[in-house]
Every structure is written in C-alpha cells, then in structure tokens.
Amino acid sequence: MLMTNENYQKCRTCRFCIHSGDDWVCLLKGLPTLFNNTCERYRPGSCENCSRLRMSDGDAFCSITGEETYILSVCSDYDPSGRRSV
C-alpha cells in the first residue's frame, strides 16, 4: 500500500525532529536536518516512535489502551499529521 499523505516519512511529522523557525534538528542523530528530509530510523506508526508508549520493567505498554504491546508494532490509529508538538 502506498502512502499518499504528503507528510509521510518527513521530519516535519516526526516527534524526534524539533525546530525553531527554519532551523530543524533530528534528536535521534543530534544533527541539523530539513523539515522535508526523511530519517532512516523513522518507522511511521510504530510504537517505538509513539509518545504514548510506556515502558515498565522492560515491557512496553500503550497508554491509550492500557495493553502490553510489542515495541515495533504499528498502531492502527496512526496519523502522520497528528503528532503532538515538541
């Protein structure tokens, strides 16, 4: 399935990319980047990249459902435009 959303795999929708004006930084690499760049570590929709993931004693839990999850699972509610701002 092809993603048609223009924000798919872009730093501008990744919670690990922060910016001030036109200056963007990828927190995963600790390096400057561009809002339109793609990070090779960015896994869209994976629990690993979700701000709602909670870790406890090495186990991953979804704070939305309260259920244990696999850290590389992909959330069915994933919205590439819906991340919270950092």
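**Rings, strands and cysteines**

Biologist: How many aromatic pairs does the rule count?
Modeller: This is a predicted model, so local features need pLDDT of at least 70, side-chain atom pairs count only at pLDDT 80 or more, and totals for chains, interfaces and linings use all residues. Residues are numbered from 1 along each chain as its sequence is written, and side-chain values use heavy atoms, with hydrogens and water left out. Rings of Phe, Tyr and Trp (its six-membered ring) pair if their centres lie within 6.5 Å. By that rule the count is 1 aromatic pair.

Biologist: Are the planes of Trp24 and Phe35 stacked, edge-to-face or tilted?
Modeller: Planes under 30 degrees apart count as stacked, over 60 as edge-to-face and the rest as tilted. The ring centres of Trp24 and Phe35 are 6.3 Å apart and the planes stand at 35°, so the pair is tilted.

Biologist: How many residues apart in sequence are the parts that this pair ties together?
Modeller: Strands are DSSP runs (E, at least two residues), numbered from the N terminus. Trp24 lies in strand 2 (residues 23–26). Phe35 lies in the loop between strand 3 (31–33) and strand 4 (53–56), so the pair ties together parts whose separation in sequence is 11 residues.

Biologist: Is Phe35 buried, partly exposed or exposed?
Modeller: Buried means under 20% relative accessible area, exposed over 50%, and partly exposed in between (1.4 Å probe, protein chains only). Trp24 has 10% and is buried. Phe35 has 41%, so Phe35 counts as partly exposed.

Biologist: Which side chains of strand 2 point to one face and are buried?
Modeller: The side chains alternate along strand 2.

Biologist: Which residue of strand 3 stands opposite Cys26?
Modeller: Two strands pair if DSSP finds at least two bridges between them. Strand 2 and strand 3 pair in the antiparallel sense over 3 bridges. Cys26 is buried at 5% relative accessibility. Its opposite residue is Leu31.

Biologist: Which residue takes a positive phi near 65° in the hairpin of strand 1 and strand 2?
Modeller: Strand 1 (residues 17–20) runs antiparallel to strand 2, joined by 4 bridges. Ile18 stands opposite Val25 there. The hairpin has 2 residues between the strands, and the positive phi belongs to Gly21.

Biologist: How far from Cys17 is the nearest cysteine sulfur?
Modeller: A disulfide is a pair of cysteine sulfur atoms within 2.5 Å. The structure holds 0 disulfides. Cys17 is in none, and the nearest cysteine sulfur, that of Cys11, lies at 3.4 Å.

Biologist: Which strands stand at the edges of the open sheet?
Modeller: The open sheet has 3 strands in the order 4-5-6, with antiparallel pairing. Strand 4 and strand 5 (residues 59–62) are joined by 4 bridges, and Leu53 has Cys62 as its bridge partner in strand 5. Each edge strand has a single partner strand, so one side of each is left without a neighbour in the sheet. The edges are strand 4 and strand 6.

Biologist: How many strands does the protein chain have?
Modeller: Read along the sequence, the pattern is β-β-β-β-β-β. Helices would be DSSP runs (H or I, at least four residues), and the chain has 0 of them. The strand count is 6.
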